[in-house]
Amino acid sequence: MTTAAHTPEGWREWLNAAAPRSRAQARLGQAYQSWRGFRRNPLAIVGLCIILGLLLVAALAPVLTNQSPFAQELAERLRAPDGEHWFGMDELGRDIFTRIIYGARITLMIVVLVAIIVAPVGLIVGTTAGYFGGWFDVVLMRVTDIFLAFPRLILALAFVSALGPGIENAVIAIALTAWPPYARIARAETLTIRNADFISAARMSGASSLRILFSHVIPLCLSSVIVRVTLDMAGIILIAAGLGFLGLGAQPPSPEWGAMIASGRKFLLDQWWVATLPGLAICTVSLGFNLLGDGLRDVLDPKQQ
Amino acid sequence: MKKLLSPAFAKDSTRLVLSVALTFVGLLLVTFLIGRVVPIDPLLAAVGDRAPAEVYERVRVELGLDKPLWQQFWIYMVKVVQGDFGRSVLTSNVVLDDILRVFPATLELATLATLLGVSLGVPFGVIAAVNQGRWPDQLARVIGLLGYSVPVFWLGLMGLLLFYAKLGWVAGPGRVSVAFDDYVTPITGVILFDSAVQGEWEAFGDAFRHLILPAGVLGYFSLAYISRMTRSFMIEQLRQEYIVTARVKGLSEARVIWRHALGNVMVPLITVIALSYGNLLEGTVLTETVFAWPGLGLYITNSLLSADMNAVLGGTIMVGIVFIGINLLSDVLYRFVDPRAK
Amino acid sequence: MNAGAPLLTVEDLRVEFQTRTQLVRAVRGVSFSLGREKLGIVGESGSGKSQTGRAILRLVAPPGRVTAKKLEFDGIDLMATGEAQMRDIRGKRIAMVLQDPKFSLNPVMTVGKQIAEAYRAHASADRAAAKQRALDMLRAVKMREPERVYAAYPHELSGGMGQRAMIAMMLATEPDLLIADEPTSALDVTVQLQVLAILDDLVSQRGMGLIFISHDLNLVASFCDRVLVMYAGRVVESLRASELGQAKHSYTQGLLAALPRIDKPVKELVVLKRDPAWAGERP
């Protein structure tokens, strides 16, 4: 690197170099190109902002509101939105704004838990099936086939009904129904790179299968899995909210958005805000994930280009 | 007809039937595991926690829970194939009877929703693809993404709030008004059909006003999915060489798009429509709860809330069977629509 | 039409594509004119020969932009015609045979329907008449079983049959000018000559103009009256097919030298050496 790299133009030139001189430069250059593509998509930026907003709200919940999501003021029950209580009060006189803010933590927790269970499982199952092939592949693909042949929500419902209601069980049920598509994607990616020359080269230089899988195959499958995870987040949020709405997910008094809609349902016609506002929160967050996922797919998924 | 008799087709069909059978066994295995293995004590769910020890033991033997798991699975499979899902604790009816009674309502809802989704979603997707990057495309994108982001139960509630409570354009929850309860003699159980056949137009109108909002809500999700898929298939087809050929021939743009490109899009679209129909069955679980629609979805959720496992699993298997059936149908249709399929 | 005036005049034709990062100039000032004769356009891939053909039909896909000082067909200014009138010219007056019948025929429509459709787009004929016409055309391209081919889907035909069907489709309306864009490159060598012979026959019989686009210099020379050699979006040489040996431009000479010859075996074939000056503006 020369001194020119210390000016902004120099950095840009270094990142855009057609022939990178180190691995780090190649990787950073690639990331920079992706970021430039991503930046050109205003909707994706909106999505990114929504998700960053969600993270901030979840982290700063006690700063954003000085009330407790569980504090009841029965005298004020079903109070309409006004300057003091922006989103009004629910049937137990709890501040809906505060509950929605704290609900962001629950939503975020569900999404993160499902993602860290499902993505590695799908990656490992898919890449091993694709890499080794044979009966192993047939069996694994058959299993994912069977899971894919069911409507996801209904299967999750059946799991929850067997496990018992509750947020942990909801997460387990969603994860159990969500992994097969990841295995599919990872397998398809693996099949296309399995016979690539650089894999043969690695094999000939004595790399073990495990090493090839972890240092070559999985990293290459990662970007499509990340895209899929982002696009899937909205679906996960919707299923979790659906379980909450049916009373099978988070239990009261937890400020889970789906459960909040369910409790507001009784007052829908006269106190519209109780059911409407948590629903808007769900919409906003899932829309954010969808916009972000769409944008990521455009820059990360080479098949789309 | 020639196609049906060819050996390649026969071989393919065998493979198809085998794969369907395997999926079905998988469905049973999963529901079996959910019913017998996942709960800590499946018996407790069946007899309740206050049953005396003798009852507990008797039911244990009755259900075959003293046998090894694989034998239990075999018994379970035989029973299900015979249509025996056991009795519902909640309704104390045979589960199969319950399911057959409530299923037409769900069928009616999902079918109308799919019709709405296809008849609006396909043209919408085509227009978006033709105007790629311009405002109709952006509009379609936003409508599609919203469809992927809105909770179906919430949209149903908002629909009720706006179109029923505020505007009064549609009827409220339920399948018919009280005045029309048991008014139409059931033939198929699909009220729109039954009332039309019997010339009961008043009942038809009432049923339609009840049906249109839940079907519209579900149809929106179908529209979101179908229009997005149509758009991406269409964009791919419009890049093909045969489209250039059609333009070289001097055909009108309308003919190039709606006949040539869409003709090719119809082939993969069949699978998409089947998938969306399956997804709607899933959507009905939540929609029926919101609209108090007496279908399979409401039956499943009611059973869930009272931990009525026989009914839940029966309903799950039923949805699974319909799902498999639709996929099979789309596979077969695909072979007939696509001249390249052997 | 006026016997003296050329059928097609192209003057300073340019086709440009604005991509995200740069402006790609596919065709850079091509000029030629054509009577009722066979004109070959030769060039390597990316030389702009196909885009020249598509520009004449005004079928350059967006984001491509076409400009020309003059693009005149039989007295009609093609740059100024509206889209509706252009559709009237396409297929009826100017037709085009594309490279690979595997991709250029609609896979879910029978071959017969596609031919009949081309005919009915311009002639006021009923279904039966259009079918008759399609069968006649299939016979004209020497199909042995026209009825069977009529009812067949494209994937049921071999490449050679597919391309003959394509020719039948494009000639059904008796156009004045046919553009053939690499019509035989996707075919087996053995069928290439057969398809070419049929094309040659029909074009000569009907006294049409033909623009034959190919990368195969020998083929073009043996088949056409005149040859344009394109390189990097411009015409570097224009000469009579019979005078190919007297080519002056070093690119054409290079191409000719790269051909293996049976009468003068060499140890190693010459590799074409490109001169950046060929792509630059000519003095």
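## Interface of chains A and B

In this predicted model, 37 residues of chain A are in contact with 43 residues of chain B. Contact means that the C-beta atoms of two residues, placed from the backbone, lie within 7 Å. On the side of chain A that touches chain B, α6 (134-148), α7 (152-163), α10 (209-245) and α12 (273-300) of chain A each give at least two residues. Helices (H or I, at least four residues) and strands (E, at least two) are DSSP runs, numbered from the N terminus.

That side of chain A holds 26 nonpolar, seven polar and four charged residues. Ala, Val, Leu, Ile, Met, Phe, Trp, Tyr, Cys and Pro count as nonpolar; Asp, Glu, Lys and Arg count as charged; the others, Gly among them, count as polar.

## Basis of the model

The model is predicted: local features need pLDDT of at least 70, side-chain atom pairs count only at pLDDT 80 or more, and totals for chains, interfaces and linings use all residues. Residues are numbered from 1 along each chain as its sequence is written, while chains are lettered from A and ligands numbered from 1 in the order in which they are written.

## Helix α13 of chain B

Helix α13 (residues 296-305) of chain B has eight of its ten residues buried, so the rest of the structure largely encloses it. Buried means 20 or more other C-beta atoms within 10 Å of the residue's own, with C-beta atoms placed from the backbone. Among the buried residues are Leu296(B), Tyr299(B) and Ile300(B). Their cover includes α7 of chain A, along with α6 (95-130), α12 (253-291) and α14 (309-337) of chain B. Ala307(B) follows α13(B) and has a positive phi, near 50°.

## Domains of chain B

Chain B is assigned domain 1 (18-81) and domain 2 (95-341). The bounds come from an automatic or database domain assignment. Taken over C-alpha atoms, the domain centres are 34 Å apart. Nine residues of domain 1 of chain B are in contact with eight of domain 2 of chain B. Helix α2 (residues 7-37) of chain B supplies the largest share of the domain 1 side, seven residues. By class, that side has six nonpolar, three polar and no charged residues.

## Sheet in chain C

Chain C has an open sheet of six strands, ordered β7-β8-β9-β3-β10-β11, with mixed pairing. Strands pair if DSSP finds at least two bridges between them. β7 (94-97) and β11 (234-240) of chain C are the edges; each has a single partner strand, so one side of each lacks a neighbour in the sheet.

Strands β8 (residues 177-181) and β9 (residues 209-214) of chain C run parallel and are joined by five bridges. Ala180(C) has Phe212(C) as its bridge partner in β9(C).

Note on methods: A residue is buried if 20 or more other C-beta atoms lie within 10 Å of its own, exposed if 12 or fewer, and partly exposed in between; C-beta atoms are placed from the backbone.
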